Amino acid sequence: DRGDRYFPNSRAVMVHFEFGGWKPLPPKLSLWGSENEFDGRAYRNPFEPKSQYPSVTTILKMEPKNDLTGWAARMVALKAIERSEDLDSRDPEKVLSWLQYAHNDFRDERAWIGSKIHAAVEAELNDKWFEVELSEEELAIMDQWNFFLALYDVEVLYTELTVIGDGYMGTLDIIAKITDKMTGETWTALIDLKTSKSVWPGHFTQLAALGAAKHALVEVSEPDDDTVTAEWTHPTTKKKHKAHWRKIELPKCDRLSVLHITRDGFDLVDVENVDLHYRRFRNYMEAWDIDQEMKKEVKNV
């Protein structure tokens, strides 16, 4: 049984993916498009009903992208080689339109794979049944995830936890107590799961920002004196629901780590020079703030 093979501890919840149909649910406190004044994702702190905080990923859009130019050109070239037989038979304008966005198609495909793997891992860690149509590559990635679990004991503290930093918010993948089964060493880690081709400096900067947050927001089933209730809109049904939130201190983590998993293996990469990466994030945030002010000035002209 595929479910037993790839999700041996799973039960209770069944989810089915269809490309172009199912989409991963965004964090309940996130704001998109017309809901916020920024370009990209923002968050609302339910303890500050009218607040809008840029997300970590929104701020990281200020990161220089010069290194992506060569990658984008390569993706276009690969698409042209792959479909070379069709080039002569197509209208030149259509060929141009088709090729110039080839890198975006590849990016979206990789993002979709990452979303599925994230959802599968979250189901596994939260002891939920998870049935999903996975490609050969995705099945191989899940094999590597299970190999990781064979080498490390993972005691989950939180998954998909929304955190509040100094002027920003974001959602982390995993906080867990990790034990190396061979050495017996145990530590608490904030882990970001990546299925990209490589680990990039921006991944470390993202983790440094998430790790620097002081508080987190935990959803609870019933309200009490320490909670606040906020509405959220389901992105597909557009129905409004209520959720109850408690603010807690972010657990102290001994390590910030990227769990980089591909079909060929996995690597648990700790962030070094965390303070420097956080300084870089603050510089991006300052640039982002200036960019927002300039946009407001243009609108007021």
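Modeller: Let's start with a word we will need: a residue counts as buried when its relative accessible area is under 20%. Keep in mind that this is a predicted model.

Biologist: Thanks! Which residues of α9 are buried?

Modeller: In α9, they are His 277, Phe 281, Tyr 284, Met 285, Trp 288 and Gln 292. These buried residues pack against β3 (53-54), α2 and α8.

Biologist: How do you know that the span of α9 agrees with its number of residues?

Modeller: The 27 residues of α9 should span 39 Å at 1.5 Å a residue, and its end C-alpha atoms are 39 Å apart, so the two values agree.

Biologist: What makes α8 largely enclosed by the rest of the structure?

Modeller: Nine of the 11 residues of α8 are buried, so the rest of the structure largely encloses this helix. Those buried residues are Gly 202, His 203, Phe 204, Thr 205, Gln 206, Leu 207, Ala 208, Ala 209 and Leu 210.

Biologist: Why is α8 called roughly perpendicular to α9?

Modeller: The axes of α8 (residues 201-211) and α9 (residues 274-300) cross at roughly 90° and come within 8 Å. Angles of 65 to 115 degrees count as roughly perpendicular, so that is the name for how α8 lies to α9. On the α8 side, the contact is made by Pro 201, Phe 204, Thr 205, Ala 208 and Ala 209. On the α9 side are Val 274, His 277, Tyr 278, Arg 280, Phe 281 and Tyr 284. The residues of this contact divide into eight nonpolar, two polar and one charged.

Biologist: Now for two single residues. Why is Leu 60 called buried?

Modeller: Leu 60 has a relative accessible area of 9%, and the cut-off for buried is under 20%, so Leu 60 is buried. You will find Leu 60 in the loop between α2 and α3 (68-82). Leu 60 and Trp 288 are 228 residues apart in sequence, yet 8.7 Å apart in space, C-alpha to C-alpha.

Biologist: And why is His 118 called partly exposed?

Modeller: The relative accessible area of His 118 is 22%. Buried needs under 20% and exposed needs over 50%, so His 118 is partly exposed. His 118 sits in helix α6 (residues 102-125). Not counting residues up to four places away in sequence, His 118 touches Asp 173 and Leu 193.

Biologist: Which residues touch the most other members of the largest nonpolar core?

Modeller: That core has 29 residues, and Leu 161, Val 163, Leu 172, Leu 190, Leu 250 and Phe 281 touch the most other members. Elements supplying at least two residues each include β4 (152-164), β5 (169-180), α8 and α9. Leaving aside neighbours within four places in sequence, Leu 250 is in contact with residues including Leu 161, Val 163 and Leu 172. A second, separate core of 23 residues includes Ala 120, Leu 134, Ala 189 and Ile 191.

Biologist: How many helices and strands does the protein have, to finish?

Modeller: The protein has nine helices and 11 strands. Buried residues make up 42% of its 301 residues.

Terms used:
Residues numbered from 1 in each chain as written. Predicted model: local features only at pLDDT ≥ 70, side-chain atom pairs only at ≥ 80, totals over all residues. Heavy atoms only, no water. Axes fitted to C-alpha atoms, helices over the stretch in contact; angles between N-to-C directions. Helix = DSSP H or I, 4+ residues; strand = E, 2+ residues; numbered from the N terminus. Parallel < 35°, antiparallel > 145°, perpendicular 65-115°, else oblique. Contact = heavy atoms within 4.5 Å. Nonpolar A, V, L, I, M, F, W, Y, C, P; charged D, E, K, R; others polar. Core = buried A, V, L, I, M, F, W, Y, C linked by side-chain atoms within 4.5 Å. Buried < 20%, exposed > 50% of the residue type's maximum accessible area, 1.4 Å probe, protein only. Expected span 1.5 Å × (residues − 1).
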